[in-house]
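Dear colleague,

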Amino acid sequence: MEPLINETKAPSRIGDRYTSDVVVRLRTQEGRDDWLYCHSHVLVEKSKYFADRLSENWPTCQILDSRNCVEVYCQESDFDYHVNVLRLLYAVTDGSVDDMWHGVRNALSCLQVAVELGCQQIITACVKYLEAVPWEEAEEEEILRTVPGMGSQAEPILARLQPVNSTAIEGIFLSAIRFATSSPPPHLNDLKLSAQEQLEYMLTEDDDAPLLMANDEIKFEVRECVRGLLARFNNQLEIFFSKPAESVIPAGEILSFQSYLSDMSWACQILGKLEIMTELVSTWTEASEKIVMAIEVARFESDTLEMRLNVIEVASKVLEAIGYGTVILPAVKRLHMVLVWLPFVRITKHLLDSVPYDNPLTFKLDGERWQSLESAFVSIIVALPSGDQAEILTEWLGNEHVRYPDLTEAFEVWCYRSKVAKRRLALSGAIHSVTDAL
């Protein structure tokens, strides 16, 4: 019996001059000129570019070192990636290249060269890799700059960046708003804050349009969620008032109350963007006296100053909504808000200014917030009946904390209006008389 002869052919290797029949001459404008000894059967099978260059239809095929020569010009920055792709053509012949990309930037650069040279198997492998792995921010920007010009074959890479349909956006918004207003336990605070931040971002118009254009269904759901938050806040207030006069409110209940206040402050931002602040403002207005009384009368285990600041953060946004006409309230309720919150804010600011610099608070209001609060008071006061304005300004001028809030602007407006009131109204009456006669 004749022995079997092993006729298995050894695989071709790039750079093997003994078996090579093609020289790929990589050249750059800077003068770099490298020769890579390759094999026509590999190049033709794996690259459309080389298949065309080495075909009989290419009229100017050069001969170099007794071999066919193909010149490839590239940028200096892309030189190494051209070499890598030529090496990968041989790796594709031997097996999979899924684990040979060494990072997003390398894979993206190889993809660009593979598209240029028409290497379909490498393109497929690059796309598969880039579609699956995470990207850093700079890598994502680079992908956005380069991949869209590569045609449909590279589109799967961009799948994670495609716009989402409105139904999906509404679904995630509703899930997030329910969680963000659900007052979860403290160990979920980080998740809650993240949800709140992203919800606000979805509704913010910056360089791009808001991600979500709220319809009536969205607004209804947001109202319901905030209504539940307000109910829990009011229940906590009732707990404070139900305790005996001498009892101390424990730290756990204080943290819950502060959490409600923080959530309500954030809710003001969301409701403002959706133009549905009315219910929160009305609820806060009705509860204002009780809130102030709870802070001033209740005995807490911890310092009350930070609690007062938490309360003022919400109150300031409510007062701004009233003062700037975002929410319309009758004069009697606007007057009530001034009478309740002006003394509270005044005393809190004095207490805050008395805190030593070496005793920093964990919660603060920035200077812009205090300025906005002062402006809101002025706007509300100058819109009240003149008699109510006079009473408020009289009390302000005689108060030891006259410095803040500074109602000078309201005082000036009241003085001017009061001085010219009779003449202006008389003139107005005369005009009406002439109009009636006509």
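This is a predicted model: local features need pLDDT of at least 70, side-chain atom pairs count only at pLDDT 80 or more; totals for chains, interfaces and linings use all residues.

I would begin with Y90, which is found in helix 3 (residues 79-94) and which counts as buried because its relative accessible area is 5%, under the 20% cut-off. The side chain of Y90 makes a polar contact with the side chain of H39, at 2.8 Å. Leaving aside neighbours within four places in sequence, Y90 is in contact with S12, R13, I14, Y37, C38, H39 and V42. As for R13, its C-alpha atom is separated from that of Y90 by 7.0 Å, although the two residues are 77 residues apart along the chain.

The second residue to look at is T348, in helix 13 (residues 331-353), which is buried with a relative accessible area of 0%. A polar atom of the T348 side chain lies 2.8 Å from the backbone oxygen of F344. When residues up to four places away in sequence are not counted, T348 touches L305, R308, L309, I312 and W370.

Turning to the aromatic rings, the count comes to eight aromatic pairs. One of them joins F240 and F257, whose ring centres are 5.0 Å apart and whose planes stand at 55 degrees, so the pair is tilted. Since F240 lies in helix 9 (residues 216-242) and F257 in helix 10 (residues 251-274), this pair ties together parts that are 17 residues apart in sequence. Both partners are buried, F240 at 6% relative accessibility and F257 at 0%.

Another pair is formed by W370 and Y404, with ring centres 5.5 Å apart and planes at 90 degrees, so this one is edge-to-face. W370 sits in helix 14 (residues 367-382) and Y404 in the loop between helix 15 (386-397) and helix 16 (408-437), so that the pair links distant parts of the chain, 34 residues apart. W370 counts as buried at 6% relative accessibility, and Y404 is buried with a relative accessible area of 11%.

Ring pairs also link F233, F240, F257, W284, W341 and F344 into a cluster. F344 from this cluster has the charged end of R308 over its ring, 4.2 Å from the centre. Elsewhere, R160 lies over the face of W135, at 3.6 Å from the ring centre.

Notes
Residues are numbered from 1 along each chain as its sequence is written. Side-chain values use heavy atoms; hydrogens and water are left out. Helices (H or I, at least four residues) and strands (E, at least two) are DSSP runs, numbered from the N terminus. Buried means under 20% relative accessible area, exposed over 50%, partly exposed in between (1.4 Å probe, protein chains only). A polar contact is a pair of N or O atoms within 3.5 Å; within protein, one must be able to donate a hydrogen and the other to accept it, and residues adjacent in sequence count only if both atoms are side-chain atoms. Contact means heavy atoms within 4.5 Å. Rings of Phe, Tyr and Trp (its six-membered ring) pair if their centres lie within 6.5 Å; planes under 30 degrees apart count as stacked, over 60 as edge-to-face and the rest as tilted. A charge sits over a ring if NZ of Lys or CZ of Arg is within 6 Å of the ring centre and within 35 degrees of the ring normal.
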